[in-house]
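Here's a quick briefing to read with the model open beside you.

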Amino acid sequence: MPKTLTEEEYHRVVTYKTQLQMTNVAIAEEMGVRRQTVAAILRRNQQTGSPLAQIKGRKTKTNFSTTPGQDQEIETASRISPFKTPRMLKRELHLNCSLATIKRRLRKVHLGGRRAAVKTFLTPEARLKRVVFCRRNRLRNWRNVMFTDEVLIQTSAHGMNWVRRPPGTRNDERYIREVNRNGRCRVMVWGAITKDEMLDLVVLPGRVNQHNYISNILEPVVRPYHATHPDMIYQQDNAAPHTANSVKRWFLNEGIQLMEWPATSPDLNIIENLWNMLKDEIGDLNHVGPNQTEELIQIVNAAWDRIRARRGLLTRMYRSMRARVNKCIRKKGGHL
């Protein structure tokens with residue numbers, strides 16, 4: 001006998017497809033239904049705006065707990081203040097319906113709940129500086145810019161959060177993601193990319209400060225590279241070690257051009273994409289103990305080398321800079 005889906009499960013199929021980008025086959029395995037059933041649900045949602053099955057035959061008149069006017073008020077209030085919860089909407093609009101009814105009305109107009117993206121707060125001044133920067137660099141040739149940044153890699157912080165498993169196997173040992181919280185091992189690494197290469201990662205001892213930034217990165221790595229690439233422009237964010245007077249003097253004495261970078265703008269730095277790739281490539285680190293720093297460094301470097309082997313990666317990243325700049329201008333300095 002075919003499986004009967006609940007209303008929640010119909011909407012879950014759409015969520016898996018639209019938010020998690022799962023294939024129809026993966027959704028069918030997760031829900032315990034046929035692939036054809038998943039395709040029919042998605043097709044019905046696209047055509048009618050609702051994944052729920054249409055019951056044929058004589059329909060029973062239903063006494064709706066909200067009027068069309070109240071439905072419009074719910075939609076309008078939610079669009080004006082998207083962070084208001086159904087409970088807040090019910091209280092402010094003086095509704096007598098349940099919270100589930102409000103959620104259904106919002107889902108019907110494609111305003112279902114989503115996990116909000118978390119970004120750094122941008123003040124009006126920061127937005128203005130981002131726009132000014134992007135307008136100045138709209139036609140820049142980014143090929144001679146070296147993008148740099150630091151990232152913290154630590155155990156019990158990375159790895160896959162999703163698993164593909166059959167229905168009813170949630171607690172099977174094979175599908176459980178174990179997290180070791182007995183002690184963390186961490187390293188801070190500095191990385192840099194150019195249009196032609198990903199430079200070797202530099203492991204920094206402890207926290208980054210102006211002194212180890214100069215002695216471990218600028219002197220042994222940046223200076224030799226600039227000697228062979230005199231037209232190189234150096235990009236760094238506005239972290240305190242980067243903007244210290246001693247660091248500014250070093251760049252001035254070495255004759256290395258610094259790019260003026262707007263504050264709170266990691267989304268404009270293409271190397272941030274590499275950090276996400278690196279953490280995904282490293283994966284689970286439960287087998288690394290709190291005192292196994294050397295083992296962790298080897299794992300990080302090996303993952304970095306595997307990313308290096310991806311053909312055309314740097315070319316695509318550098319080409320994306322023009323699109324990032326234009327998008328920031330269109331959004332008036334807002335997050336990309």
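How many aromatic pairs does a search of the whole structure find? The search finds seven, where Phe, Tyr and Trp rings (the six-membered one for Trp) pair if their centres lie within 6.5 Å. Keep in mind that this is a predicted model, so local features need pLDDT of at least 70 and side-chain atom pairs count only at pLDDT 80 or more, while totals for chains, interfaces and linings use all residues. Residues are numbered from 1 along each chain as its sequence is written, and side-chain values use heavy atoms, with hydrogens and water left out.

**Aromatic rings**

- Y234 and F251 make a tilted pair, 5.1 Å centre to centre with 40° between the planes; planes under 30 degrees apart would count as stacked, over 60 as edge-to-face, and the rest are tilted.
- Y234 sits in strand β4 (residues 233–235) and F251 in helix α10 (residues 245–254), so this pair ties together parts that are 17 residues apart in sequence. Helices (H or I, at least four residues) and strands (E, at least two) are DSSP runs, numbered from the N terminus.
- Both Y234 and F251 are buried, meaning under 20% relative accessible area, with exposed being over 50% and partly exposed in between (1.4 Å probe, protein chains only).
- One aromatic cluster is made up of F133, W142, F147, W261 and Y318.
- W142 also has the charged end of R140 over its ring, 5.7 Å from the centre; the cut-off is NZ of Lys or CZ of Arg within 6 Å of the ring centre and within 35 degrees of the ring normal.

**Nonpolar cores**

- The largest nonpolar core has 39 residues, and W142, F147, I153, I193, L274, L278 and L296 have the most contacts inside it. A core here is a set of buried Ala, Val, Leu, Ile, Met, Phe, Trp, Tyr and Cys residues joined through side-chain atoms within 4.5 Å.
- Elements that each supply at least two residues of this core include β1 (145–154), β2 (186–193) and α11 (271–282). Helix α13 gives the most, with eight residues.
- L274 touches I193, M198, W304, I307, L313 and M317, leaving out residues up to four places away in sequence; contact means heavy atoms within 4.5 Å.
- Another core, of 20 residues, lies apart from this one, with M146, I217, V247 and I256 among them.

**The sheet**

- Five strands form an open sheet in the order β3-β2-β1-β4-β5, with mixed pairing; two strands pair if DSSP finds at least two bridges between them.
- At the edges are β3 (202–204) and β5 (257–258), each pairing on one side only.
- β1 and β2 run antiparallel and are joined by eight bridges, with V187 as the bridge partner of I153.
- β2 and β3 are antiparallel too, over three bridges, and V189 stands opposite V203.
- β1 and β4 pair in the parallel sense over three bridges, and V145 stands opposite I233.
- Six of the eight residues of β2 are buried, so this strand is largely enclosed by the rest of the structure.

**Two residues to look up**

- M277, in helix α11, is partly exposed at 23% relative accessible area. Beyond its neighbours within four places in sequence, M277 contacts I307, R310 and L313.
- H226, in helix α8 (residues 210–228), counts as buried at 13% relative accessibility. Setting aside neighbours within four places in sequence, H226 contacts M232, E254, G255 and I256.
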